[in-house]
Amino acid sequence: MMNATLSAFQKFWIGIALAIFLYYASTIFMSAVFPRSPLTIVGMGQVTVKPEKVSFIVTHIAKSLDPITAIDEGDVAIKVLIDKAKAVAGEDAEIKTSFYQILPSSSGSITTYQVANAFSISTTKIAKTNDLIHELYRFGASSISDVTFTGTNKEKTEQDARKAAVKDADKQAQAIAKAAGKRVGKIISITDDNAGATSTIGKSSDTKAVNYALLGEIEVTKRVSLVYEIW
């Protein structure tokens with residue numbers, strides 16, 4: 001009885017070993033007969049969500065022949081803009097100083113000093129976005145950039161968009177491989193673009209063309225680059 005059980009046990013493992021051997025042997029054979037080639041695909045996924053927060057960067061540029069004067073004017077101007085932002089968006093708006101830069105510019109024998117001050121603002125008062133942007137430009141903002149809307153769960157939204165991008169890439173890979181008479185194998189690598197959904201408004205833009213107060217949904221787009229093995 002003991003020998004019969006041991007014999008069955010040995011047969012089981014011999015069968016497993018044989019299956020593994022046949023798998024790798026067939027893989028090597030297929031690789032020799034049908035050589036693998038890399039195929040790079042960029043997939044795009046989009047998800048629509050209701051915006052819950054808006055954030056952007058406000059920049060003011062002061063210029064003067066005297067660097068101290070340019071610095072002082074920049075400090076005063078950026079304080080005025082921050083006060084105006086709080087007046088429209090409320091005291092609970094999140095405001096952070098972004099950068100401070102002094103750049104001399106020479107034209108012939110004349111040197112002009114340019115001082116750039118900036119701050120970022122984030123607020124949940126989406127309906128106030130138009131009023132806020134208009135007010136900031138009215139009181140001297142040089143530019144407003146990186147206007148970004150986000151939902152309540154940014155991580156989940158981006159993950160859903162990422163999944164959609166991978167699905168799109170797989171669909172493209174299958175179509176291309178089929179057209180070339182090939183088959184899609186395993187994924188060799190995946191690269192995320194690490195970007196969210198953004199829109200930017202320059203000073204020359206017509207901000208009235210976009211009514212943020214009536215904004216219903218935003219579109220979060222993710223791009224993912226996948227390298228497939230085809231044979």
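1. Strands, labelled E, are DSSP runs of at least two residues, numbered from the N terminus. The model discussed here is predicted. Asp146 sits in one such run, strand E5, which covers residues 143–150.

2. The backbone at Asp146 deserves a look. Most residues other than glycine have a negative phi. Asp146 is not a glycine, yet its phi is positive, at about 55 degrees.

3. Helix H2 takes in residues 67–89, 23 residues in total. At 1.5 Å a residue the helix should span 33 Å, and its end C-alpha atoms lie 32 Å apart, which agrees. After H2 comes Gly90, with a positive phi near 100 degrees.

4. Which residues of H2 are buried? They are Ala70, Ile71, Gly74, Ala77, Ile78, Leu81, Ile82, Ala85, Val88 and Ala89. The cover over these buried residues includes strands E2 (53–64), E3 (94–107) and E4 (110–123), together with helix H3 (129–138).

5. Three strands form an open sheet in the order E1-E8-E6, paired antiparallel. Strands E1 (37–49) and E6 (184–192) are at the edges; each has a single partner strand, so one side of each lacks a neighbour in the sheet. From one strand to the next, the twist averages 30 degrees.

6. Within this sheet, E6 and strand E8 (residues 218–230) run antiparallel and are joined by six bridges. Thr191 has Ser225 in E8 as its bridge partner. Helix H4, residues 154–179, lies across E1, E6 and E8 and runs at about 140 degrees to E1.

Notes: Residues numbered from 1 in each chain as written. Predicted model: local features only at pLDDT ≥ 70, side-chain atom pairs only at ≥ 80, totals over all residues. Heavy atoms only, no water. Helix = DSSP H or I, 4+ residues; strand = E, 2+ residues; numbered from the N terminus. Expected span 1.5 Å × (residues − 1). Buried < 20%, exposed > 50% of the residue type's maximum accessible area, 1.4 Å probe, protein only. Contact = heavy atoms within 4.5 Å. Pairing = 2+ DSSP bridges. Axes fitted to C-alpha atoms, helices over the stretch in contact; angles between N-to-C directions.
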